[in-house]
Number of protein chains: 2
Amino acid sequence: MTGPRRLSIMGSTGSIGTSALAVVEHANAMAADPVFEIDTLAAGRNVDLLAQQARVFGARLAVIADETQHGALADALQGTGIQTAAGEDAIIAAAARPVDRVLAAIVGIAGLPSTIAAVEAGNSIALANKESMVCAGPMLKALARRKGVEIVPTDSEHNAMFQVMERREDVDKLILTASGGPFRKSSAAALKSVTPKQALAHPRWNMGDKISIDSATLFNKGLELIEAAYLFDMPEDKIDVVVHPQSIIHSLVAYRDGSVLAQLGNPDMRTPIAHALTWPDRRQPAGVEPLDLVALSQLDFEPLDSIRFPAIDLCRTALRHGKGAPTVLNCANEAAVAAFLAGNSRFLDISWVVEMALDRFVSGQMANQSCDSLDSIMAIEAEAMRLTRALLAEALTRSEGV
Amino acid sequence: MTGPRRLSIMGSTGSIGTSALAVVEHANAMAADPVFEIDTLAAGRNVDLLAQQARVFGARLAVIADETQHGALADALQGTGIQTAAGEDAIIAAAARPVDRVLAAIVGIAGLPSTIAAVEAGNSIALANKESMVCAGPMLKALARRKGVEIVPTDSEHNAMFQVMERREDVDKLILTASGGPFRKSSAAALKSVTPKQALAHPRWNMGDKISIDSATLFNKGLELIEAAYLFDMPEDKIDVVVHPQSIIHSLVAYRDGSVLAQLGNPDMRTPIAHALTWPDRRQPAGVEPLDLVALSQLDFEPLDSIRFPAIDLCRTALRHGKGAPTVLNCANEAAVAAFLAGNSRFLDISWVVEMALDRFVSGQMANQSCDSLDSIMAIEAEAMRLTRALLAEALTRSEGV
C-alpha cells in the first residue's frame, strides 16, 4: 500500500470511535509517513468532542446527526477549513464519500442507513455496527458482493473468527465466546432486582451503555450469533456459544480436520479495530499490552445457562425464522434496554418483551415479508416498535401487579 | 485438486507413520474417490508391519533399512506386485521418487539424508523429522526455496504455528507451548533417580520412546524451538516457551497489532498429520474427537523452570552459536537418550552430556565450520559422537563416584 489510508468514522465520539482514533494516532506517531488520514468524522450529539477530534486529526468533514447543533459545530470549527454538515441525510451522504475504509460504529439500527450507503458507494467497511448485520445481513452481503466490497468484522468476536477463517466448506463449526457478563454467577432470583448501575458494570470490556446492558442480558452474544451466521454463512446449529469469563480467546473456528483456530488477546478493542482498519495489512495499535499467558495462568470455560439467560435461544429462534425476525428482536431489545436504562422497566422485562414481540411478529401478517431493501426493513422496524411499545406498557402493569 | 494425492511415507511403522496411515485410511473411506494413494512405504526394521501396511494400502514400493531383512520382506510381499528394496541408499532413492508429498517421519538424524533427497528431487515435504530442521535448517530452507518446494511442518506445535502464520514481518513473537512432561511437578532431587519406565509415561501424547524421553527432559521442546527458529526465520529471543499442561493450545503466533493466533485441538497427531498431508486443502481425519472446551473447563499456563529443566537454555545457546552447534546438541542428546534407555546412564546425565559436548564443540576447531551440505553435517555428527562417547564414559565415572 502506498500513501496513507483514508478513513471515515461514522460514530467517532462513541467507545469504538474514540478507540479507533487512538489507533490512528498511535499508528501515525510510530511511522515516518502517516499511515491513516481522516476524511469524515460523524457523531450523534457530542459536538464538543466531535469538533476537537476534527481539529486534532485534520478531518475534511465533520457531521453531527443532531441538526440543532450545526451552528455550534460550525462555530467550533471556524477558520479551520474543515467542512461541516448536520442531519441524518448528511451522515448518509458522508458515508458515501470515496475513502479506503469506512468504520461503521454508530450504535443500533440507526447505523444501518449509512452502512448501506457506504457499501452502495463502493466503500470497504470495518463493521462495528452489529445491528446492520443483524437486521440486514443477507441484503448487505449480497450488496457487498455485487459491489466487490469487503466487510471486515470489527466486533472482537467476529474479527477473531475473520482472522482465522479459511475456506467456508472446510469449517465444521464456529465457537463464539461469551464473558458471561456481570451476572454470570447471580441467581435467577437476584436477576429480578438488577439496577441499571449494576448492569452497566461489565467485568471485562469498557463499552457504551447499550452494549453493556446487552452484555448483562447476553442479548449482545445472541446478536453476535446472528451477525456471525450472516457474516460467515453458517446455520445457527453450527454456532456454539461457550462462556469464557476472562475474554482472552475472542472466538474460535473449528475445522473438519480437528483443528480449531482462535484469536487471543487482552480485552482491548484497539486490537480488532486496528486489524479491521488495516486488513490485509497489520499495524501496531496504541499501547495494547502484549498477551501474557503465564501471568493469566488460567483460562476457564463454562456452559451457557439458557434458563437464567434466555437471550441466545431467542436469537436462535429469530435466526431460524429469518426475514424480519432478527430486526424485530433487535428493535424490541433496543426499546426495552432504553426503558430499563430510563428506569421505566425491570431487567427481566427485557427478555420478556423481546420474546413476546417475536411471538406476535411471527404469527402476524408481516412474518414472511422480505427484507431486501432499507425501506422494507424500516417498515418492519416500525411494526416492531408498535409491538414493543404495547409490550412495555404491559410489562409495567405486570410489574405493578407483582 | 483432481485425482488422489500420491504420498510416500518415510518411517511408516513408527508412531507418526501409523497415524498417517490411519488418516489415509479414514480419508479414503469417507470419500467417494480415493483421496490418497501410497507410492512408497519405508521403515527401519519392523518388516512384518511394513509388509502388512504395503499390502493393505496397495503401495508400489516397500523399503526396509535393515538389509538383512530384505529376503523376509520380499517373501512377505511375493505375488503382490509390490516392489521391494533394502538399505539406507534404497531409502534415499525412494524419497526421490516423484510424488505429491513425502512424509518425513524417520526419527533422529537418520532421517536427514532422505529428507534432503526428497527436496532435491522437487518433492513437497510434510516434515515430522524435527532433527532434519535442527541439524540442517538453513541448508534445507535454502534448498527448498531453490527447488520451489513446500516444507509443511507436521510436529503439532509447528503445524499449529504454520496454520496461523501470516506475513513474517508482522509477527512479533512465537509462543511454543510445552506440556511440561511427566516430571513437571517433580523436585530437583526426585529427577536424580528417574527410571526409563517413569520417563516413558508421557501424560498427554502417545509417542515413540526417543521423543518420550525428550519430552521428559524438555529437550523435545528445545529442539522444537530450534526447528521453529529455522522454519519461520525467527531469532531465539522472539520465541517464548510456555508450559501448558493440557496440550490443547498447540502453539501461538503473536502479531504486532496485539492479535495472538493459535491452533487448538485434542492431543491427537492425526490432526496435524492430516493437515500437513493435505495442505492447502483440509480433510477429516479418522475419529479425532471434536474439541470440547466446556468439558475441558480449564486451560493452565505456567512459567518454564529452567533450573530443573536446562534443556531449553542449552538449545537457545546452540541456536545462538548456529552452524554445527544444533547438530552437536542433537547428536549428544540422541546418544545420551540411548544410553539412558539402555540403563547405561542416569536421567540427569542427559543434559550434563549435552551441555559438556556443546561446550567442547564451541571451543574446538570445528566450531565455525559451515553446514551447507550433508557431508559437512555428517562430519560434525562424527565429531559430536566422539565427544559424546567420551562424556558418557565420564558420566558413568561421575555416577559411580556419587
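Select chains A and B together: the area buried between chain B and chain A is about 3,400 Å², and carbon and sulfur atoms give 54% of it (buried area is the accessible area, with a 1.4 Å probe, that two parts lose on being put together, summed over both). On the chain B side, colour B:Asp257, B:Arg282 and B:Phe301, which lose the most area to chain A, together 22% of what that side buries. The model is predicted: local features need pLDDT of at least 70, side-chain atom pairs count only at pLDDT 80 or more, and totals for chains, interfaces and linings use all residues. Residues are numbered from 1 along each chain as its sequence is written, chains are lettered from A and ligands numbered from 1 in the order in which they are written, and side-chain values use heavy atoms, with hydrogens and water left out.

Next, display the residues in contact (heavy atoms within 4.5 Å): 37 residues of chain B meet 37 residues of chain A. Polar contacts across this interface number 23 residue pairs, both at pLDDT 80 or more (a polar contact is a pair of N or O atoms within 3.5 Å; within protein, one must be able to donate a hydrogen and the other to accept it, and residues adjacent in sequence count only if both atoms are side-chain atoms). The side of chain B that touches chain A divides into 17 nonpolar, 10 polar and 10 charged residues (nonpolar: Ala, Val, Leu, Ile, Met, Phe, Trp, Tyr, Cys and Pro; charged: Asp, Glu, Lys and Arg; polar: the others, Gly among them).

Between the two chains there are 6 salt bridges (a side-chain nitrogen of Lys or Arg within 4 Å of a carboxyl oxygen of Asp or Glu). Zoom to A:Arg167 and B:Asp281, whose side chains form a salt bridge at 3.5 Å, N to O.

Now select residues 260-264 in both chains. Strand β11 of chain A pairs with β11(B) in the antiparallel sense over 5 bridges (strands are DSSP runs of E, at least two residues, and helices runs of H or I, at least four, numbered from the N terminus; two strands pair if DSSP finds at least two bridges between them). Here A:Val260 has B:Leu264 as its bridge partner.

Move on to B:Pro280, in the loop between α12 and α13 of chain B. A cis peptide bond joins B:Trp279 to B:Pro280, with omega about 5°. In chain A, a cis peptide bond likewise joins A:Trp279 and A:Pro280, with omega about 5°.

Finish at A:Leu218, in the loop between α10 (209-217) and α11 (219-231) of chain A. A:Leu218 has a positive phi of about 75° although it is not a glycine.
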